[in-house]
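Let's take a friendly walk through this protein. Please have the sequence and the 3D view ready.

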Amino acid sequence: MESDLNLIQLDPPRRPLLLDRMFDRATQWGTPACAPASSARAPSPVRRPPVFPLPLPLSGAQSSLGAPSPLAQLFEYAELVPCVLEWFDRPAELAALARVSQAWHGLVRRKLYADIWLVTLFRTLVDRPELRALVKRLDIRFFPLDLAGEARYDLEMAMQCALSQMHNLERVVWTRDRSLTAALFETLVALPRVRALELSGHSARHFDPLLLGGMPALAELRIMMPDAAFRDALVSIVARLAARPPVRRAGEQPDAPAPPPGLCVLDIICRSSPLVDDALLAALAPSLAGLARLTLIGCTRLTHRGVDAVLAAASGLEELNLDATPHSGLHDLSHVPPFVRLRTLSLTFTAAGTEPVPLPAVPLLPPLPELTAFDLTLSGNKRFLPLPTLEFLLASVPAHSLTRVSLLNLVLGTDSLNVLLALPKLAELYVSVNHKRTVLDANVGDALRVLHVNAPEQWGPTIDDLCEIARRAKGIEEIGALNRVYEVHRRWQGDEHVVELARWSKVQVPGYFQVWRA
């Protein structure tokens with residue numbers, strides 16, 4: 001009996017679940033009655049493909065029943081086929097178009113597989129070797145890092161097998177951290193036609209960045225958050241690329257001047273890193289004589305001395321994107337020689353205080369006779385930009401030739417906004433305002449193609465306001481507010497011109513997210 005009693009085990013005392021406290025906290029998380037209610041925004045309509053009526057049968061037929069359609073003779077006019085394909089960009093549309101006929105299948109398949117951004121498609125490319133030569137652009141921003149063991153090994157082997165046969169690959173984006181192994185990287189750098197490469201700079205224990213110097217066609221390099229190992233190898237990489245013999249691209253005229261052998265694009269994007277400094281840029285400058293675009297974002301130890309060394313070497317620069325930190329002195333570029341070929345300038349600067357931005361706080365620029373895109377972003381909190389300060393900025397650039405203007409975190413009034421909208425060639429405008437009335441009362445003309453307005457959520461334009469602006473400005477194709485971007489669809493319903501906004505569904509990135517800002 002005693003032994004049986006000793007075998008009995010008592011459960012530990014149960015603690016109460018304290019659900020009453022959980023429900024009390026949930027009640028406290030609710031919005032207090034005094035807080036302003038957020039503006040209700042109706043969801044945008046789902047994009048529907050336009051329905052076009054079928055063309056009438058060919059003239060001369062005895063009966064319309066069974067008469068041939070003009071679409072049957074489309075391939076007799078080869079120059080019209082690319083015009084038809086321009087209307088299709090989504091993969092689902094292209095897949096449906098490829099099932100129309102054998103002739104359409106051959107044409108559409110080239111466009112469908114030219115851009116690959118899904119990792120799962122690598123298994124299809126392994127099973128269908130003839131598709132590998134069609135791939136021209138590869139985008140790996142998403143990767144199933146949760147895969148492990150045999151599943152991860154099988155996926156990497158499939159990617160390596162398919163990648164090794166992509167001999168026509170020209171542009172690669174591989175920014176998913178810890179997804180690029182040493183074997184995949186060696187396969188990638190051995191491809192003969194890769195001209196543009198964007199990759200994560202976290203190279204330690206993953207791949208050897210020095211192999212980039214041996215790529216035969218590399219001309220555009222963008223590094224996202226490089227580590228110390230990548231930083232130490234960068235000078236050798238750029239010098240080896242500059243020492244290559246000139247290589248002509250496919251389709252170039254034989255009598256055209258040969259492109260410069262080194263890099264024409266160098267982008268270094270950091271979150272907030274001290275690794276990139278003036279000494280590094282000074283060492284890179286002699287190998288960057290043919291540079292056409294330079295981007296330096298988030299490099300906290302850079303000053304004007306390092307940037308000046310690169311600008312002095314790259315006399316043919318066409319695009320410059322800089323993050324002008326307070327100690328860098330990059331807000332004053334007036335001492336730099338004139339940029340005779342610069343077309344795009346993006347500057348992020350800071351301004352102390354909370355009052356409206358005064359004239360001494362705005363960047364000073366050198367002569368820019370060919371500038372067409374001007375992007376200015378204030379780092380930190382939003383500040384009001386007075387009209388005289390805006391006029392001073394426009395006087396320092398060729399305002400009559402600007403096609404894109406971006407002023408972010410610089411709050412504009414209606415008078416200032418009307419000054420920008422009056423620019424004769426303006427097609428894209430990205431601005432910040434305090435209230436939707438600023439843009440609703442502005443004179444938005446028909447020449448504007450893209451408009452994006454940033455404003456506080458509770459006072460900013462709703463989707464109905466944006467639709468009203470698009471209805472008045474008949475040239476707008478893309479419109480948005482904050483992180484919402486809409487396509488503008490126009491159609492005629494009888495005698496009524498109907499304008500609808502739909503969620504962004506195109507493959508290309510909206511213009512607002514292509515503006516550099518730190």
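## About the model

This is a predicted model, in which local features need pLDDT of at least 70, side-chain atom pairs count only at pLDDT 80 or more, and totals for chains, interfaces and linings use all residues. Residues are numbered from 1 along each chain as its sequence is written, and side-chain values use heavy atoms, with hydrogens and water left out.

## Overall picture

The protein has 15 helices and 17 strands; these are DSSP runs numbered from the N terminus (helices H or I, at least four residues; strands E, at least two). Of its 518 residues, 42% are buried, meaning under 20% relative accessible area, with exposed over 50% and partly exposed in between (1.4 Å probe, protein chains only).

Among contacts (heavy atoms within 4.5 Å) with a separation of 6 or more, 65% join residues 24 or more positions apart.

## A hairpin

Strand 16 (residues 484-493) pairs with strand 17 (residues 496-503) in the antiparallel sense, over eight bridges; pairing requires at least two bridges found by DSSP. Q493 has E496 of strand 17 as its bridge partner. Two residues lie between the strands of this hairpin, and G494 in the turn has a positive phi of about 70°.

## Around L118

You will find L118 in the loop between strand 1 (115-116) and helix 6 (121-127). L118 counts as partly exposed because its relative accessibility is 43%.
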